[in-house]
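Reader: I'm new to looking at protein models. Could you walk me through how to read this one?
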Amino acid sequence: MNYQETLDYLFNALPMFQRVGASAFKKDLSNTITLCSHLGNPERKFKSIHVAGTNGKGSTSHTLAAILQSAGFKTGLYTSPHLKSFTERVRVNGQEITELAVVDFVEANKAFLDELKPSFFEMTVALAFWYFAKEEVDIAIIEVGMGGRLDSTNVITPELSVITNIGWDHMQFLGESLPLIAGEKAGIIKPNIPVVVSQTQEETTSVFIQKAQENEAPIIFADQKFRLEKVAATEPGLANYTVSKDGETYSLDYGLMGDYQIFNLPGILESVNQLRSKGWKISNEALEKGLKEVTQLTGLKGRWQILGEKPTVIADTGHNEPGIRAILSQLKSYSFDRLWMVLGMVQDKDISKILALLPKDARYVFCQADLPRAMPAELLAEKAAEYSLKGEVISEVNQALQFARKNAGPNDLIFVGGSTFVVAEIDDL
């Protein structure tokens with residue numbers, strides 16, 4: 001098979017959660033363990049960092065990869081979902097896995113895959129582990145897909161476990177309360193492996209402490225060590241923070257502009273501390289370079305990404321209640337004549353809490369991503385109308401954005417998001 005045929009095989013032969021939702025979710029690690037065993041257990045052939053959480057795990061994973069890469073380590077990075085290309089999920093030093101490597105992996109293992117019938121995600125995790133072992137990376141940052149305890153990535157024994165935060169998302173799989181969701185995320189805590197929690201949250205702290213104690217794992221709540229304040233940016237495209245720790249204060253520039261990054265940065269900084277204490281040589285220069293150049297070094301997209309001026313166009317992949325709250329808070333810091341919201345969502349989540357948060361004086365353009373899970377734009381508009389949110393229905397994402405751009409004034413602000421998959425379809429991302 002050529003690359004396109006190989007992709008078609010993966011997307012069509014194996015269930016893919018992003019496309020079809022619940023039917024692809026498997027609460028069991030048996031397929032992953034079987035697949036890794038078949039491949040010679042590649043997950044044991046490189047060192048790793050495991051990153052879980054509701055929001056912030058993608059930004060945290062990319063930033064840690066950028067820092068380690070800047071420190072001179074050959075660094076793997078596994079994340080999901082992809083925005084534009086399947087190969088985005090697996091990178092080494094910022095370079096996406098080659099199409100040839102994907103073809104080779106499937107060709108060599110197709111008979112086994114046909115027999116085992118793993119999910120799309122299980123297969124992709126195995127592909128990543130195989131590739132990192134083949135490339136002989138020094139370390140790989142492995143982002144959890146969903147939850148943690150039963151996530152396919154949870155077959156590694158990392159140098160460090162990182163949990164960013166806990167919020168309301170995927171409740172049908174992870175539980176209907178924050179402590180239950182935290183219990184699933186805490187499943188990545190391993191015996192004697194330090195765990196960094198980026199954000200202290202009253203409802204979940206005891207869950208993490210108990211799990212860490214059961215595993216005799218040192219636990220550090222990073223925001224209790226690092227106090228951050230976002231200040232006026234020193235140069236365009238960078239967010240500037242004042243950091244206080246142990247009575248010392250210093251300044252940091254970060255290449256990700258979202259205000260919500262203030263919750264991720266303590267975990268990133270403490271993770272670097274933990275790695276240093278384990279003997280990883282990471283200079284302050286490497287730390288600063290990784291933070292400033294995270295998007296250039298890793299190819300990260302869709303995190304408070306400015307797509308245009310006059311009118312200002314901003315895209316962000318935040319899609320659950322805490323993510324949308326953070327987005328709306330930051331939008332209030334901008335001055336504009338009128339706010340436009342180009343929005344699409346998925347249909348297997350309760351979106352009522354999100355719709356209740358959205359500003360009633362914005363003009364909406366309802367759209368839908370091109371996948372079965374997407375909520376039809378007409379239905380989204382109907383549900384939004386119940387919350388007095390009104391606007392146009394233009395199903396295709398780029399046509400919806402084009403409509404907003406054409407009708408917005410030069411001092412207006414257009415926000416595009418509501419779903420990772422809406423952001424993924426923007427042509428000029």
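Predicted model: local features only at pLDDT ≥ 70, side-chain atom pairs only at ≥ 80, totals over all residues.

Reader: Is alanine 408 buried or exposed?

Author: Buried means under 20% relative accessible area. Alanine 408 has a relative accessible area of 14%, so it counts as buried.

Reader: And how do I read a sheet?

Author: Strands of a sheet pair through backbone hydrogen bonds, either parallel or antiparallel. Here, 6 strands make an open sheet with mixed pairing, in the order 12-13-17-14-15-16. Strand 12 (305-308) and strand 16 (391-393) are the edge strands, each pairing on one side only. From one strand to the next, the twist averages 20 degrees.

Reader: What packs on the sheet, touching strand 14, strand 15 and strand 16?

Author: That's helix 15 (residues 377-385), whose direction makes about 150 degrees with that of strand 15.

Reader: Which strands does strand 14 pair with?

Author: On one hand there's strand 17 (residues 413-417), paired with strand 14 in the parallel sense over 5 bridges. On the other there's strand 15 (residues 363-366), which runs parallel to strand 14 and is joined to it by 4 bridges.

Reader: How do I read the two faces of a strand?

Author: In a regular strand the side chains alternate between the two faces of the sheet. In strand 14, Leu339, Met341 and Leu343 are on one side, Trp340 and Val342 are on the other, and all of them are buried.

Reader: Why is strand 14 (residues 339-343) described as largely enclosed by the rest of the structure?

Author: Because 5 of the 5 residues of strand 14 are buried.

Reader: Now helices. At what angle do the axes of helix 4 (residues 57-70) and helix 10 (residues 261-277) cross?

Author: They cross at roughly 40 degrees and come within 10 Å. That angle is why helix 4 is called oblique to helix 10. The crossing is right-handed.

Reader: Which residues of helix 4 and helix 10 meet?

Author: From helix 4 come Ser59, Thr60, Thr63, Leu64, Ile67 and Leu68, and they meet Gln261, Asn264, Ile268, Ser271, Val272 and Leu275 of helix 10. This contact has 6 nonpolar residues, 6 polar ones and no charged ones.

Reader: Can we try another pair?

Author: Take helix 3 (residues 30-38) and helix 6 (residues 120-135), which pack at about 35 degrees with their axes 10 Å apart. Helix 3 passes helix 6 in a right-handed crossing. Asn31, Thr32, Leu35 and Cys36 of helix 3 meet Glu122, Met123, Ala126 and Phe129 of helix 6. The residues in this contact split into 5 nonpolar, 2 polar and 1 charged.

Terms used
Residues numbered from 1 in each chain as written. Heavy atoms only, no water. Axes fitted to C-alpha atoms, helices over the stretch in contact; angles between N-to-C directions. Helix = DSSP H or I, 4+ residues; strand = E, 2+ residues; numbered from the N terminus. Parallel < 35°, antiparallel > 145°, perpendicular 65-115°, else oblique. Left-handed = near helix turned anticlockwise from the far one by under 90°. Contact = heavy atoms within 4.5 Å. Nonpolar A, V, L, I, M, F, W, Y, C, P; charged D, E, K, R; others polar. Buried < 20%, exposed > 50% of the residue type's maximum accessible area, 1.4 Å probe, protein only. Pairing = 2+ DSSP bridges.
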